Amino acid sequence: MEYQYPIDYHWTTDEIVDVIKFYEAIERAYEKGIERDELMDIYRRFKEIVPGKAEEKTLCGEFEDISGYSSYRTIKKAKNASPGEKISMK
């Protein structure tokens, strides 16, 4: 993609890498689909780094503005899906 992911420069390198994995997982859900359990594992790690709802909403809103992909709708769909199901936002 031709954009920069929203990140907090106070995070460690490992945290930045894991947050970028989350954004990439959202992209995959839109582009080709992602297995629900993999997405939820990545999201759980994202929530360890970004535990606050306000910060999550800000970061995900910025990501949606630049990419057009909604983290909120993707995670909501994944939470309602059965284990092993493929999440596709096409």
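This is a predicted model: local features need pLDDT of at least 70, side-chain atom pairs count only at pLDDT 80 or more; totals for chains, interfaces and linings use all residues.

User: Why is Glu 56 called buried?

Analyst: Glu 56 has a relative accessibility of 11%. Buried means under 20%, so at 11% Glu 56 counts as buried.

User: Where is Glu 56 placed, and with which residues is Glu 56 in contact, leaving aside its neighbours within four places in sequence?

Analyst: Glu 56 belongs to helix H3, which covers residues 53-67. With neighbours within four places in sequence left aside, Glu 56 is in contact with Tyr 43, Phe 46, Lys 47 and Val 50. A contact here requires heavy atoms within 4.5 Å.

User: What is the volume of the largest pocket, and which residues are the closest to its centre?

Analyst: The volume of the largest pocket is about 320 Å³. The pocket is lined by 14 residues, of which Lys 53, Glu 56, Cys 60, Ser 71 and Tyr 72 are the closest to its centre.

User: Which element gives the most to the lining of the largest pocket, and what is the make-up of the lining by class?

Analyst: H3 gives the most, with six residues. By class, the lining holds six charged, five nonpolar and three polar residues.

User: How many aromatic pairs are there, and what makes the pair of Tyr 5 and Tyr 23 stacked?

Analyst: The count comes to 10 aromatic pairs. For Tyr 5 and Tyr 23, the rings are 5.4 Å apart centre to centre, with 15° between the planes.

User: Why is the pair of Phe 22 and Tyr 23 called tilted?

Analyst: The rings of Phe 22 and Tyr 23 are 5.9 Å apart centre to centre, with 50° between the planes. Stacked requires under 30 degrees and edge-to-face over 60, so an angle of 50° counts as tilted.

User: How do you know whether Phe 22 and Tyr 23 are buried or exposed?

Analyst: Phe 22 has 0% relative accessibility and therefore counts as buried. Tyr 23, at 0%, also counts as buried. Tyr 5 is buried as well.

User: Which residues form the aromatic cluster?

Analyst: One aromatic cluster is formed by Tyr 3, Tyr 5, Phe 22, Tyr 23, Tyr 43, Phe 46 and Phe 63. Among them, Tyr 43 and Phe 46 are in contact with Glu 56.

How values were computed. Residues are numbered from 1 along each chain as its sequence is written. Side-chain values use heavy atoms; hydrogens and water are left out. Helices (H or I, at least four residues) and strands (E, at least two) are DSSP runs, numbered from the N terminus. Buried means under 20% relative accessible area, exposed over 50%, partly exposed in between (1.4 Å probe, protein chains only). On a 1 Å grid over the protein atoms alone, a cavity is a set of points where a 1.4 Å probe fits but cannot get out, and a pocket is an open set with protein on both sides within 12 Å along at least five of seven lines; lining residues have an atom within 4 Å of a point. Grid points are joined across faces, edges and corners, and a volume is the space filled by probe spheres set on the points. Ala, Val, Leu, Ile, Met, Phe, Trp, Tyr, Cys and Pro count as nonpolar, Asp, Glu, Lys and Arg as charged, and the others, Gly among them, as polar. Rings of Phe, Tyr and Trp (its six-membered ring) pair if their centres lie within 6.5 Å; planes under 30 degrees apart count as stacked, over 60 as edge-to-face and the rest as tilted.
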